[in-house]
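Biologist: I'd like to learn how to read helix packing and nonpolar cores. Could you walk me through them with an example?

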Amino acid sequence: MSAPEDEEKLLPLVQRWPRASKFLLSGCAATVAELATFPLDLTKTRLQIQGEAALARLGDGARESAPYRGMVRTALGIAQEEGFLKLWQGVTPAIYRHIVYSGGRMVTYEHLREVVFGKGEDKHYPLWKSVIGGMMAGVVGQFLANPTDLVKVQMQMEGKRKLEGKPLRFRGVHHAFAKILAEGGVRGLWAGWVPNIQRAALVNMGDLTTYDTVKHYLVLNTPLEDNIMTHGLSSLCSGLVASILGTPADVIKSRIMNQPRDKQGRGLLYKSSTDCLVQAVQGEGFMSLYKGFLPSWLRMQSDWITQGHPMRPGTTFSKEESNPACLA
């Protein structure tokens, strides 16, 4: 056996299989973050779907129970009426989603970064390339993960259906996948994929542009150095912008995914994401598109502060090394 092969065997696993190790570690981090912040996601979904004006077309049987009032009251109401552990209802498909989404996004982004775009002549990776690459990678990852997102949203609403006297749709995660596949075919698993990938693109665009811009500004124009404080402030701003851009698409996605369907798997409330948007604005007002905004922002914020964003450029730099031209 040659010396290079012997030396390679002595290297840590992270260096021998960097991409596989990165995927495994990111999957573990995502799982922990998902478990810790999932009640916020459940609260967000309940707030986004309540008060749908389109339900009036289905008659008296579609009337929902008393609406939730605010993020805290929603979470407390779920715990009191359904049980504390119901705050994690739907967490299994959410973990599946994180694994598929993170993996698809990471592989796509690495390929775009190394093969398609490449670094500039100054060996820096320009912001515009990170933004385009991040948006494209987010779209691919979200499209692949759409079936898990669909099951997650529907399982998150099962507790509310029970309170309203409606029959439960699923016995568990795998039954949910099987039932959706049987009723709507493979195409049924991608219900709501259009607003879903729109949200992914908008969130990545808002995060990447804002984070890098705010971080450069803080390092260049304030006494702050490149440390956890700078990262936290940049993440706070980027999470806010990403939530503002992505929440309307997220509301439309949740409603399309949760709408009742006929035996062929066709939606009974909305013909398309555009139809859902029009009905929401006309029946509930423009601000209905921002239902669930606060838990969405808080969850996004906690995820990005603890995990970071794998596509953010310039994760470390000093005042002397920073070059505003990199923002071009």
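Biologist: What is the handedness of the crossing of H5 and H6?

Modeller: In this predicted model, H5 and H6 cross in a right-handed way.

Biologist: And how do I describe such a pair further?

Modeller: Two packed helices are described by the angle between their axes and the distance between those axes. Here the axes of H5 (residues 91–117) and H6 (residues 127–156) cross at roughly 160° and come within 8 Å. Angles over 145 degrees count as roughly antiparallel, so H5 is roughly antiparallel to H6. Their contact involves 16 nonpolar, nine polar and five charged residues.

Biologist: At what angle do the axes of H9 and H10 cross?

Modeller: Roughly 170°, with the axes of H9 (residues 193–221) and H10 (residues 228–258) coming within 7 Å. That angle makes H9 roughly antiparallel to H10. In this contact, 17 residues are nonpolar, ten polar and five charged.

Biologist: Now the cores, please. Which residues have the most contacts inside the largest nonpolar core?

Modeller: The general idea is that in soluble globular proteins, nonpolar side chains tend to be buried together. In this model, the largest such core has 13 residues, and Leu150, Val151, Met155, Phe170 and Ile180 have the most contacts inside it. H6 and H8 (173–188) each give two or more residues to this core, and H6 supplies the largest share, four residues.

Biologist: Which residues are in contact with isoleucine 180, leaving aside its neighbours within four places in sequence?

Modeller: Isoleucine 180 touches Leu150, Val151, Gln154, Phe170, Gly185, Gly188 and Leu189. Apart from this core lies another, of nine residues, including Ile256, Leu269, Ala280 and Leu289.

Methods
Residues numbered from 1 in each chain as written. Predicted model: local features only at pLDDT ≥ 70, side-chain atom pairs only at ≥ 80, totals over all residues. Heavy atoms only, no water. Axes fitted to C-alpha atoms, helices over the stretch in contact; angles between N-to-C directions. Parallel < 35°, antiparallel > 145°, perpendicular 65-115°, else oblique. Left-handed = near helix turned anticlockwise from the far one by under 90°. Nonpolar A, V, L, I, M, F, W, Y, C, P; charged D, E, K, R; others polar. Core = buried A, V, L, I, M, F, W, Y, C linked by side-chain atoms within 4.5 Å. Buried < 20%, exposed > 50% of the residue type's maximum accessible area, 1.4 Å probe, protein only. Contact = heavy atoms within 4.5 Å.
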